[in-house]
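Have the viewer open and follow along.

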Amino acid sequence: MAVGLAIQSEGGQYAGKITGFVVLSCMIAATGGIIFGYDLGISGGLTSMESFLKKFFPEVYKKMKEETKTSNYCKFDSQLLTLFTSSLHMAGLIASFFASPVTRAYGRKPSILIGGAALVAGAALGGASYNIYMLLLGRVLLGIGLGFTNQAVPLYLSEMALSKYRGAFNMGFQICLNIGFIMATFTNYCTVKIKGGWGWRISLAMAAAPAAILTTGAIFLPETPNSLIEHGDDHVKAKKMLQRIRGVDDVQVELNDLIHASYASKSVKHPFKNLLQRKYRPQLVMSIAIPFFIQATGISVIGFYAPILFRTIGLAESVSLLSATLLSFVGLGSTIASSLMVDKIGRRDLFHLGGILMFVTQILIGAIMAAKLGDHGELSKRFGVLVLILICVYVAAFGLSWGPLGWVVTSEIFPLEIRSAAQSINVATSLLFTFVVAQGFLAMLCKMKSGIFFFFGGWVALMTGFIYIFLPETKNIPIEKMEKIWVEHTYWKRFVPNGQQFENSKIELA
C-alpha cells in the first residue's frame, strides 16, 4: 500500500512515496515519545499531589500545609523531592552510553526492545512502591528505558522516512511526547480525586501501557535499510526493504549512497574517538549545544513543575493539575502545526520565530511575578490568568520550534559512521542538563524567585542568536548527503576537508 506523492530523483532527492508500511512502522516506534512525555508529565503532577507528598515527602507536605512563614517560592524546596524527578534523567544519561554500542552493533530494533522492557518494569515497580527506595528504583528503571529508546527511536524515524518528509516524520516523536504529556496530566487530574489517597499508584503504573505497546510492536518492526546494510553484506535484502518502504522499484541511487555510507562507517573502529576529529566538529558542537539549549529554554521547568508553579501563584490542587493539562494540549497543537510547516519553510525560520516568542513571554512572566507576587499571599485572579496565558504562549512557541526541531535536526545531521555515537552524546547531554535543571530548579526558584524567568529568558536570546549564526538549513537534503551543508557554511567550511569538490554543486533548498 502506498499513499501520497511520488518524489523523483532530482535536486538531490531520492525516488519514493510515503507508504503505509513506513507510516505504521514509524507510528509504533514513535510510541517511545509517548512514554517519554508521560514520564515527564507525571512527575510534576505527583509532586504537587498532597497524598503522594504525605506518604513519601512528609516534610514538604508539612511545610506546604502548616507553615505560614515559608516564602511562596520555597514551599517545595527539597532535594529529595527533586531527586524523585531527576533520578530518571541521571539513569537515562548513563544508559545512553550503553545504548550507543548496542544500536551500532545490533541495530535500532534491539535498543528499542531493551528500552521498552525496562520501561515496563519501572512502571510496575513505581505503581507498587511502598517506600522511597522502591519509588526511586522504579524511576531508575524508567530512566534506563528512556536512555535506550531516546537513542534508537529518532534514528529509526530519520532512516525510515523519505528525505522530503523527514522533518514531519521525525516530529512524530515530539507529537507522541506531547500526547504522553497530555495522558499524564489528565491521569493526575483524575486520580487526585480518588478517595483514600492511592490515586498516585495509578498515575505511576499507567506508564506500563505505552511501554507494553512499544515493546510488543518492536518485535514486529522491520530494521531500517541503513541498519541492514551496516550489519550485513546482503544488499539484495536491503534493496527489497528499501523498495518496500519507498513504494517504488527504482531505489538504486539511494541504495548506492547507503552502501557508500556503510563502508565509511565500517572503517571507523572507535566512533566516539572518531567524533573528536576536526572534520566532525560541526556535528559534535550541534550534538552538545542543541540539547543543552533545549533545557536552557526552561521548558523542563514547565514540564516537571507546572502544577507546582500554579500552586505557587495561589491556584488550588485540582485547578493546578487542570491548568497543566491545558498546557499539554497547547503543546500538542503547536507541534502538529510545526510538523505541517517544517518541510516547507525550513528549520531555521521556525527556530527564530519560537525563540522570539519564548524570550518575550519569559520576560513578561518574570515582570508580573516580580511586581505582583511577594513571598506571601497570592496573585490576583486577573494576573493569575494572565500568567497562565503567557505560559501557554511560551509552550506553543516551544512546541513550534525547539521542542520538535531539537530532535529533528540532531537526528538528521550525523553521517552513518558517527551516527550512533553522536546520538548518544545528544541524548546524554539532554538528560544531563534535564537532571541539572530538575534537581536545581526548586532551589533556584527559592533563591532567585521571579528572577528565574529572566535567567531562562537570557538563555533563549543567546540560543536564538546561535541558530542564526551557526546552524545551516537542512530542509529537503537527503540524510546521506548532509555533509554538503557544512562545506557551504561560512564558518563550518574551515573544518570540513575536501570542500572544493562541492563548490560547483551548491544545494538547492527551495
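## Helix H14, end to end

Let's start with a length check on helix H14, which covers residues 281-296: at 1.5 Å a residue, its 16 residues should span 22 Å, and the C-alpha atoms at its ends are 22 Å apart, so the two agree. Keep in mind that this is a predicted model.

How many of the 16 residues of H14 are buried? The count is 12, so H14 is mostly covered, taking buried to mean under 20% relative accessible area. Among the buried ones are Pro282, Leu284, Met286, Ile290, Pro291 and Phe293, along with Gln283 and Gln295. After H14 comes glycine 298, and its phi is positive, near 90°.

## A nonpolar patch on the surface

Now for the outside. Five residues, Leu353, Leu357, Val385, Ile389 and Val393, make up a nonpolar patch on the surface, and together they have about 370 Å² of accessible area. Which helices each supply at least two residues of this patch? They are helix H17 (347-372) and helix H18 (381-400). H18 gives the largest share, with 3 residues.

## Phenylalanine 455 in helix H21

Next, look for phenylalanine 455 in helix H21, residues 451-470. Is this residue buried or partly exposed? With a relative accessible area of 34%, phenylalanine 455 is partly exposed.

Which residues does phenylalanine 455 contact, once its neighbours within four places in sequence are left aside? The answer is Met444 and Met448.

## Asparagine 150 in helix H6

Last stop: asparagine 150, which lies in helix H6 (residues 132-160). Its relative accessible area is 1%, so asparagine 150 is buried.

What does asparagine 150 touch, not counting residues up to four places away in sequence? Its contacts are Phe36, Phe173, Trp407, Gln423 and Val427.

Notes: Residues are numbered from 1 along each chain as its sequence is written. This is a predicted model: local features need pLDDT of at least 70, side-chain atom pairs count only at pLDDT 80 or more; totals for chains, interfaces and linings use all residues. Side-chain values use heavy atoms; hydrogens and water are left out. Helices (H or I, at least four residues) and strands (E, at least two) are DSSP runs, numbered from the N terminus. The expected span of a helix is 1.5 Å times one less than its number of residues. Buried means under 20% relative accessible area, exposed over 50%, partly exposed in between (1.4 Å probe, protein chains only). Patches are made of residues with over 30% relative accessible area and no salt bridge: like charges are joined within 9 Å, nonpolar side chains (Val, Leu, Ile, Met, Phe, Trp, Tyr) within 5 Å. Accessible areas come from the Shrake-Rupley method with a 1.4 Å probe; for residues, only the protein chains shown count as cover. A salt bridge is a side-chain nitrogen of Lys or Arg within 4 Å of a carboxyl oxygen of Asp or Glu. Contact means heavy atoms within 4.5 Å.
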